[in-house]
Amino acid sequence: MIFLFLAVLLLFSSHTMAFKPERPVILVHGIGFNGTLAWQSPPVLRYFELINKGLAEFLVESSGYTRGKDLFIYEYDTMATIEHIANEFNLALTEYLRQSGATKVDLICFSKGGLVARTLLNGATDPPVENLITIATPHKGSYWVSVAESVKPQADDFLFKILGELRDNLADDVSLKTYRFLDSVYRFGEYPSIGQMQPEGEFMEKLASFSFSPHIKVTCIAGYVLPSFDSAFVPETFVRLLSERCGPGDLVVPLESALWERADQIFIVKGRPETTWHSVLPFHPEVQALVKYVLSESYMQKQLGRLE
């Protein structure tokens, strides 16, 4: 009963009552995203209550983390291979440790970010990582890979020509960022790492053979979209058909792929399509509460020890 009371108090407390972060947290986004899109919500969408706060904002407001001190968002080129990203991340991790003065960190990874982390940690006997939390990571790949690869851009496409004209007439940084975003979405099927996430593909087979330190606590959080007859965005028949074809999950990564056998604990968040599908899971209040719970476990144990 005491544990339950402390857990509820911790999860819903304000930042003045929240646990003290024990280690820096690094957020690693997925493919087709950047740190801002994956971990922070646009103010205008929050104002109109069209989306929940992002996980970065949640950790700052409810858990006492500070951006640039013990909360870092790792940005990477999503067009690169997973191995290249992991090598770059290794350098960034060293810098984050230096900036924070810490010896270990907690990694929170969304989608492909979890594969980047596993690649980085492959073979490490004493890695500077305490917790690895993966959110909707395709540990066994995603069947959407074949769909993405089937729509690769062609030189005679109208949008291909429009993007080329936009690129040739860039006037400022805003235009450059807009172009890069549109181009990355359009060229989604060309991402080298898309092919790497092919189920039973070469990279997935290699990933399964990676060695992983037993000292890292692994938590997997998966989304499970329930068919909703009154959904305004995703028809119930679409959810059923996709679940029958690829297996139940978040409409992008099936449960059997999101739940890694190596995990010390797993959580499945169920809900309507518009709140639980793949891309919005980091904004889901239950996902955020679970992340906070995992990060605070050792803190809570210490508090309980003081009561004994």
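Mentor: Helix α6 (residues 112-121) packs against helix α11 (residues 202-209) at an angle of about 50 degrees, and their axes lie 10 Å apart; here helices are DSSP runs of H or I with at least four residues, numbered from the N terminus, while axes are lines fitted to C-alpha atoms over the stretch in contact, with angles running from 0 to 180 degrees between N-to-C directions. That angle makes α6 oblique to α11, since angles under 35 degrees count as roughly parallel, over 145 as roughly antiparallel, 65 to 115 as roughly perpendicular and the rest as oblique. The structure is a predicted model, in which local features need pLDDT of at least 70 and side-chain atom pairs count only at pLDDT 80 or more, whereas totals for chains, interfaces and linings use all residues. Residues are numbered from 1 along each chain as its sequence is written, and side-chain values use heavy atoms, with hydrogens and water left out.

The crossing of α6 over α11 is left-handed, meaning that the near helix is turned anticlockwise from the far one by less than a right angle. On the α6 side, Leu115, Arg118 and Thr119 make the contact (heavy atoms within 4.5 Å), and they meet Phe203, Met204 and Leu207 of α11. Sorted by class, this contact has four nonpolar residues, one polar and one charged, where Ala, Val, Leu, Ile, Met, Phe, Trp, Tyr, Cys and Pro count as nonpolar, Asp, Glu, Lys and Arg as charged, and the others, Gly among them, as polar.

Helix α6 also packs with helix α5 (residues 82-100), and there the two axes come within 8 Å and cross at roughly 70 degrees. With that angle, α5 is roughly perpendicular to α6. From α5 the contact draws on Ile82, Glu83, Ile85, Ala86, Phe89, Asn90 and Leu93, and from α6 on Lys112, Leu115, Val116, Thr119 and Leu120. The classes in this contact are eight nonpolar, two polar and two charged residues. Read together, the two lists show that Leu115 and Thr119 of α6 take part in the contact with α11 and also in the contact with α5.
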